[in-house]
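Please open the structure in your viewer and keep the selection panel at hand. The stops below each begin with something to select and then say what is found there.

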Amino acid sequence: MELPADVKKRLTLPFEEHFYAGHTACQGCGASLGLRYVLKAYGGKAIFTIPACCSTIIAGPWPYTALNAPLFHTAFETTGAVISGIEAALKAKGYKVKGEDGIMVIGWAGDGGTADIGLQALSGFLERGHDALYIMYDNEAYMNTGIQRSSSTPYGAWTTNTPGGKKHFLEQRPKKKVIDIVIAHKPAYAATASIAYPEDFMRKLKKAQTIKGPSFIQLFAPCPTGWRSPTDKTIELARLAVQTAYFPLFEYENGKYKINMPSPNKEPKPLEEYLKLQGRFKYMTKEDMEILQEWVLKEWEELKKKAELFG
Amino acid sequence: MPKKVVSGNYAAAYAAKHARVEVVAAYPITPQTSIIEKIAEFIANGEVENLQYVPVESEHSAMAACIGASATGARAFTATSAQGLALMHEMLHWAAGARLPIVMVDVNRAMAPPWSVWDDQTDSLAQRDTGWLQFYAENNQEVYDGVLMAFKIGEHEKVNLPVMVVESAFILSHTYDVVDMPEQEEIDEFLPPRKPLYTLTDFENPFSVGALGTPADYYEFRYKIAKAMEEAKKVIKEVGKEYGERFGRDYSQMIELYKTDDAEIVFMGMGSLMGTVKEAVDLLRKEGYKVGAAKVRWFRPFPKEELYELAKNVEGIAVLDRNFSFGQEGILFNEAKGVLYNTDAKPIMKNYIVGIGGRDLTVNDVKAIAKNMKEIIQKGKLDREIEWYHLKR
Ligand SMILES: Cc1ncc(C[n+]2csc(CCOP(=O)(O)OP(=O)(O)O)c2C)c(N)n1
Ligand code: SF4
């Protein structure tokens, strides 16, 4: 479809689609939206590696693919290693990697494949300094195997292996701050992003293209199926997560932190607004909610301090 | 032809260099380490061009990185041993399933516990069903030749499968011997640059590798690997013959036969222990024993037809296994018996478990085994099917 010139001018995201219709994500899937933006950002000149996760399914069964880009499906814990190998091979063969006209090597993995089983390979990838981009789409649980907790699942969330019941057995541990672990490696570039703010995400994807060395983006991607949320609330949830400072947007580059607007510039919205839209938090007591709210504000203060000290 | 006095590990490293590998991703483990150290030295000294070395954080990642590299079209190499190979196991399936002709040297080492760094074939044989071709080297020369042939065989358009070249811990890995290495130009003629089945750099025709295979298709994917393994037999023989014609060492037989023409008893085994066996065969022949040796070079694909031809004409086969499948028997014995079941070749077969965990197998041991076999054949009856030969009583 050709758009009128004035409409095209107003578009802030590339018009071209490289994510085909016919993919098999659930209705309202945040991850699939994220993948669509990544494909738009690199115009199809990217090589993808996807480990076991929802995106394995989203991309479609053989002989189909929903991605207009070469895609290597790999084992759950290997994203960091496989993209290292791809990058090494491209260099050995004399291809241009990254930059405006270079090839982007992209790992696209869930929070489980990143924060848990794949953490070692991620660490190796970051520490060795490969020219590739690792994107963790964070839907805060193992969705592909039927909604089990990951270390990125927040306190108080229901999952099938942290169910709510008579003895009140819910996730008891706070969300692991994977991005902090990543930053401890002093990568070339690290950032958080949200599918509710595609322009911000797109800018970060473009930045990763120009920076030498390993980049990492943690993308907040709600999952209506796993979060027990209405399928038309995905964007709203992703926006509320930022506005409540539950998932603030920021960048780390050259040792410097920068909080990105639309993160709250005054008081964050109350967390309850975010929680009440999701069935996964329905077992939480008032006290549980306070514990989570307190954690959010504490983490937010900490981030602001980092941005102040290392801004 | 240049000769070098090198360890088995250095022979492997030189072969990788001469094969012009493009990506090496590896993780150290005794006794494999000196292979990857030597390759790092080649790079440090500027002896290789366009070789990317990825010092990964584990063997699992070593294989994953080789897989990424090979899928991008590069010639990829790694090496490991025992625990490292076991950690890689999942990714071995991946390499074969994605049809990537990665070459790996496994230095046969016993599995822990108890910790042992010595020779034992259980680590590599436990990878039997991963879809990798397996070549067992008897000496350093065969390590070198094996690696060069492995690339050519694995990369053959009818094969496209990964290949494991296996050498024994310390007996080969750290023992120096003379190795003939052809000139680089001759090797380049034998082994031209890789022509991959596919590469991830094909942006004109974007495709996915390894997507979900439903019951409607998965089956055929497996069949194709099975077929490629069968095809590999022909390719192995062709390449082995070509290698002989070019460099003077013929590998056209998947089972190397030594003095088996008129043999009544044949010792069958794999890897370095077959050197000892051949020496024992010479001595036993002087004592009037009609014995021979059958060295199984390729365990995968398994040389069924060659084994049948051999078994037709002998009375007894002593299968020497430096490995054991718990709850059953030696792995080579198990395979060999299975091959002959539906044939008319029915020699007496006995399984001798030898050399496990680096225990020495001496010429005298082989002589004793020959005596035992002779008695069995005379009686026409096995004393027992499996004998743990070195057991302290
Ligand atoms: C070694 C291994 N263990 C377990 C699994 C099963 N498995 C497949 S996907 C998955 C969860 C993926 O979760 P995540 O990375 O968060 O992605 P999501 O499914 O949420 O998109 C698990 C446990 C596997 N494929 N491999
Ligand atoms: S389960 Fe969640 S992440 Fe997975 S496809 Fe469905 S909506 Fe997307």
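The tour goes from a ligand site to the sheets and helices, and then to the pockets and cavities of this predicted model.

**Ligand 2**

Begin by selecting ligand 2 and the residues around it, which are A:Cys26, A:Cys29, A:Cys54, A:Ile58, A:Asn139, A:Met143, A:Cys223, A:Pro224 and A:Thr225. If you colour this shell by class, seven residues come out as nonpolar and two as polar, while none is charged. Two helices of chain A, α3 (54-58) and α9 (224-227), each supply at least two residues of the shell.

**The sheet that takes in both chains**

Next, select the strands in the order β8(A)-β7(A)-β5(A)-β6(A)-β4(A)-β3(A)-β1(A)-β2(A)-β9(B), which together form an open sheet of nine strands with mixed pairing. The edges are held by β8 (256-259) of chain A and by β9 of chain B, each of which pairs on one side only. To see where the chains meet in this sheet, zoom in on β2 (residues 71-73) of chain A, which runs parallel to β9(B) and is joined to it by two bridges. Here A:Leu71 stands opposite B:Ser208 of β9(B).

**A pair of helices in chain A**

Now show helix α4 (residues 79-92) and helix α6 (residues 119-128) of chain A, whose axes come within 6 Å and cross at roughly 35°. On the α4(A) side the contact is made by A:Gly80, A:Ala81, A:Ile83 and A:Ser84, and on the α6(A) side by A:Ala121, A:Leu122, A:Phe125 and A:Arg128. Of the residues in this contact, five are nonpolar, two are polar and one is charged.

**The six-stranded sheet of chain B**

Move to chain B and select the open sheet of six strands, which has the order β10-β12-β11-β14-β15-β16 and mixed pairing. At its edges stand β10 (255-258) and β16 (386-388) of chain B, each with a single partner strand, so one side of each is left without a neighbour in the sheet. Direction ignored, neighbouring strands of this sheet are turned by 20° against each other on average.

Within the sheet, look at strand β11 (residues 265-269) and strand β12 (residues 291-296) of chain B, which run parallel and are joined by five bridges.

Helix α9 (residues 273-286) of chain B touches β10, β11, β12 and β14 (316-321) of chain B, and its direction makes about 165° with that of β12(B). Helix α12 (residues 363-379) of chain B touches β11, β14, β15 (348-353) and β16 of chain B, its direction making about 150° with that of β15(B).

For the second largest pocket, select B:Lys17, B:Ala19, B:Arg20, B:Val21 and B:Glu49, which among its 22 lining residues are the closest to the centre. This pocket has a volume of about 460 Å³, and α1(B) gives the most to its lining, with three residues. Nine of the lining residues are nonpolar, four are polar and nine are charged.

**Cavities**

The last stops are inside the protein, where a search of the whole structure finds two cavities of 30 Å³ or more. About 250 Å³ of space lies in the largest cavity, and of the 20 residues lining it, A:Lys177, A:Ile179, A:Pro248, A:Phe250 and A:Glu299 lie nearest its centre. The helix α12(A) gives the most to this lining, with seven residues, and the lining comprises eleven nonpolar, two polar and seven charged residues.

Finish at the second largest cavity, which holds about 40 Å³ of space and is lined by residues including B:Asn108, B:Tyr136, B:Met270 and B:Arg322. Strand β7 (residues 163-168) of chain B provides the largest share of this lining, three residues.

Conventions. Residues are numbered from 1 along each chain as its sequence is written. Chains are lettered from A and ligands numbered from 1 in the order in which they are written. This is a predicted model: local features need pLDDT of at least 70, side-chain atom pairs count only at pLDDT 80 or more; totals for chains, interfaces and linings use all residues. Side-chain values use heavy atoms; hydrogens and water are left out. A residue is near a molecule or strand if one of its heavy atoms lies within 4 Å of it. Helices (H or I, at least four residues) and strands (E, at least two) are DSSP runs, numbered from the N terminus. Ala, Val, Leu, Ile, Met, Phe, Trp, Tyr, Cys and Pro count as nonpolar, Asp, Glu, Lys and Arg as charged, and the others, Gly among them, as polar. On a 1 Å grid over the protein atoms alone, a cavity is a set of points where a 1.4 Å probe fits but cannot get out, and a pocket is an open set with protein on both sides within 12 Å along at least five of seven lines; lining residues have an atom within 4 Å of a point. Grid points are joined across faces, edges and corners, and a volume is the space filled by probe spheres set on the points. Two strands pair if DSSP finds at least two bridges between them. Axes are lines fitted to C-alpha atoms, for helices over the stretch in contact, and angles run from 0 to 180 degrees between N-to-C directions. Contact means heavy atoms within 4.5 Å.
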